[in-house]
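Subject: Structure handover and notes

Hello,

Please look it over before reading on.

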Amino acid sequence: MSTLFVDTINEKTSGNGIYIPGHVLQVIQQENTIGAIGTTSTSFVATGHIISITPKSTSSKLLLSITGGQMTYQSSGETIRTRLYRKIGSGSYSDLLGDFQRCHYSSTYGLSHSFSYLDSPATTSTVYYQPYCRSLNGNLVYYDYTSVDTNAMITIMEIGG
């Protein structure tokens, strides 16, 4: 058995960086700077909190972490639902998975949320992610209500496949 000791590994010519399966290849983080995003819509609407990444390999996995706060002012009860949508290249956004956050409020209330999702987009085109949200009953609800928490944050780690 041989042991290889190195201080630095540099790619030869490709310009794509060093690719090691099972290791983090890149990390991208996007803070929501728009502020509280309110809606009364009972259909999912875009929050405008968008993050993008260009995977280095089609076999890579993308681990997403989303944190933030949600709120409603309704005293009669309300549910805010949030879903993660994905767009590849210049395509359209599509629902990536079911609701990752369902918060029911029986009074004026805010709640922090945190969610992780492992995606396998199988592309080296730019991939965009955006939370969408909706009100269950048509009352005003907020995605990323900052008095509940700090600004919403999305982090993506590309894991070599």
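Does Tyr93 count as buried, partly exposed or exposed? With a relative accessibility of 23%, Tyr93 counts as partly exposed. Keep in mind that this is a predicted model.

Confidence

The mean pLDDT of the protein is 84, and 81% of the residues score at least 70. Where pLDDT is low, the predicted coordinates should not be read in detail.

Strand β6 and its pairing

Strand β6 spans residues 78-88, and eight of its eleven residues are buried. β6 runs antiparallel to β10, and nine bridges join the two. Within this pairing, Tyr85 has Gln130 of β10 as its bridge partner. β6 also pairs with strand β7 (residues 94-95), again in the antiparallel sense, over two bridges. There, Arg86 stands opposite Ser94 in β7. The hairpin of β6 and β7 has five residues between the strands, and Gly89 in this hairpin takes a positive phi near 60°.

Salt bridges

How many salt bridges are there? The count comes to two. In one of them, Asp95 is joined to Arg83, with the closest N and O atoms 2.7 Å apart. Asp95 belongs to strand β7 and Arg83 to strand β6, so this pair ties together parts that are twelve residues apart in sequence. Asp95 is partly exposed, at a relative accessible area of 33%. Arg83, at 23% relative accessibility, also counts as partly exposed.

In the other, Asp119 is joined to Arg86, and the closest N and O atoms are 2.8 Å apart. Since Asp119 lies in strand β9 and Arg86 in strand β6, the pair ties together parts that are 33 residues apart in sequence. Asp119 and Arg86 are both buried.

Aromatic pairs

The count of aromatic pairs comes to two. Tyr85 and Tyr132 form a stacked pair, 3.8 Å centre to centre with 20° between the planes. Tyr85 is in strand β6 and Tyr132 in strand β10, so the pair ties together parts that are 47 residues apart in sequence. Both of these tyrosines, Tyr85 and Tyr132, are buried.

The pair of Tyr93 and Tyr132 is tilted, at 6.1 Å centre to centre and 55° between the planes. This pair links distant parts of the chain: Tyr93 is in the loop between β6 and β7, Tyr132 is in strand β10, and they are 39 residues apart. Why does Tyr132 count as buried? Its relative accessible area is 13%, and buried means under 20%. Tyr93, at 23%, counts as partly exposed. Tyr85, Tyr93 and Tyr132 together form one aromatic cluster.

A charge over a ring

The charged end of Lys87 sits over the ring of Tyr128, at 4.7 Å from the ring centre. Tyr128 comes up again below as a contact of Ile51.

Ile51

With a relative accessible area of 2%, Ile51 is buried. Which residues does Ile51 touch, not counting residues up to four places away in sequence? The contacts are Ile28, Gln29, Gln30, Val127, Tyr128, Tyr129, Ile154 and Ile156. Separately, Ile51 and Asn32 are 19 residues apart in sequence, and their C-alpha atoms are 9.5 Å apart in space.

Ala122

One backbone angle deserves a separate entry. Ala122 has a positive phi of about 55° although it is not a glycine. Ala122 is in the loop between β9 (109-119) and β10 (127-135). At 52% relative accessibility, Ala122 counts as exposed, because the cut-off for exposed is over 50%.

Regards

How values were computed:
Residues numbered from 1 in each chain as written. Predicted model: local features only at pLDDT ≥ 70, side-chain atom pairs only at ≥ 80, totals over all residues. Heavy atoms only, no water. Helix = DSSP H or I, 4+ residues; strand = E, 2+ residues; numbered from the N terminus. Buried < 20%, exposed > 50% of the residue type's maximum accessible area, 1.4 Å probe, protein only. Pairing = 2+ DSSP bridges. Salt bridge = Lys/Arg side-chain N within 4 Å of Asp/Glu carboxyl O. Phe/Tyr/Trp six-rings, centres within 6.5 Å; stacked < 30°, edge-to-face > 60°. Lys NZ or Arg CZ within 6 Å of the ring centre and 35° of its normal. pLDDT = per-residue confidence, 0-100. Contact = heavy atoms within 4.5 Å.
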